[in-house]
Amino acid sequence: MSERSVSRAKQEKRWYTVLAPEQFDRQELGETPADEPEKVYDRTIETTLGELNNNASENNTKLTFKITDVGSDSAYTEFVEHSLTRDYLRSLVRRGASKVEAYVTVLTTDDYRVQIQPVAFTTKKADASQEKAIRNQMVEMIEEAAAERSFEELIDSVVEGRLSSGIYGEAKTIYPLRRVEIQKATLEAHPEEVAEEEATAVDVDEEDVAAE
């Protein structure tokens with residue numbers, strides 16, 4: 001390729017301003033270049049809650065978005081993951097105390113499937129039955145939260161810390177807790193994907209019945 005054609009290729013690339021979803025006030029997440037709009041789809045961009053809120057104390061929360069729509073000069077995203085940095089999680093661990101984790105997969109009221117990973121840190125070492133009770137409490141409260149909320153509402157409660165605060169308030173009655181966090185929340189499937197999976201499962205079940 002000649003220098004001239006390389007230069008032309010560079011000139012033909014356009015820069016698209018990447019915008020956060022409406023629930024994050026369509027804030028600018030950065031820019032991404034492409035010579036064709038189709039190439040922008042499915043690109044992911046990572047930022048921190050601190051950058052979105054202009055608050056350095058929230059930089060331990062990472063947010064990942066995926067581009068799902070492209071306009072003339074803008075790229076629109078959807079939320080795909082919330083996670084806490086490893087350094088922050090490591091700073092919460094104390095010797096002689098317990099770290100209780102859970103993995104919960106839930107469906108929201110608008111049929112988005114989300115995996116949520118809560119973690120609780122006790123003040124002292126809890127025994128196995130207390131850890132199990134704390135874990136069960138976390139799972140139950142997350143399932144209840146999803147059953148009452150849309151996808152956007154559930155993610156808001158995670159990002160804003162309301163879900164972890166609610167869990168802390170209930171679980172600390174089981175054993176003294178120092179902290180509860182949602183260490184990760186991930187979008188696993190959209191409503192249409194969930195519906196397709198359910199339809200496939202029904203088809204398989206009917207085949208099993210017919211075989212009998």
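## Basis of the description

The structure is a predicted model, in which local features need pLDDT of at least 70 and side-chain atom pairs count only at pLDDT 80 or more, while totals for chains, interfaces and linings use all residues. Residues are numbered from 1 along each chain as its sequence is written, and side-chain values use heavy atoms, with hydrogens and water left out.

Buried here means under 20% relative accessible area, exposed over 50%, and partly exposed in between, with a 1.4 Å probe and protein chains only. The domain bounds come from an automatic or database domain assignment.

Beyond its neighbours within four places in sequence, I167 is in contact (heavy atoms within 4.5 Å) with M138, M141, I142, V180 and I182.

## The largest pocket

A pocket is an open set of points on a 1 Å grid over the protein atoms alone where a 1.4 Å probe fits, with protein on both sides within 12 Å along at least five of seven lines; lining residues have an atom within 4 Å of a point. The largest has a volume of about 360 Å³, volume being the space filled by probe spheres set on points that are joined across faces, edges and corners. Of its 20 lining residues, Y88, G161, S164, R179 and E181 lie nearest the centre.

β5 (74-84), α5 (151-159), α6 (162-171) and β9 (177-189) each give two or more residues to this lining, and β9 has the largest share, 5 residues. The lining comprises 8 nonpolar, 7 polar and 5 charged residues; Ala, Val, Leu, Ile, Met, Phe, Trp, Tyr, Cys and Pro count as nonpolar, Asp, Glu, Lys and Arg as charged, and the others, Gly among them, as polar. Domain 1 and domain 2 each supply at least three of the lining residues.

## The second largest pocket

The second largest pocket holds about 220 Å³ of space. It is lined by 15 residues, with P21, Q23, T77, E78 and F79 nearest its centre. At least two lining residues come from each of β4 (61-70), β5 and α5, and β5 gives the most, with 4. By class, the lining has 6 nonpolar, 3 polar and 6 charged residues. Here too, each of the two domains contributes at least three residues.

## Helix α5 and local backbone features

α5 is mostly covered, with 7 of its 9 residues buried: F151, L154, I155, D156, S157, V158 and V159. Just after α5, G161 takes a positive phi of about 85 degrees.

D25, in the loop between β1 (14-19) and β2 (28-34), is not a glycine but has a positive phi of about 60 degrees. D25 counts as exposed at 61% relative accessibility. N54, in the loop between α2 (49-53) and β4, is likewise not a glycine and has a positive phi of about 55 degrees; N54 is exposed, with a relative accessible area of 74%.
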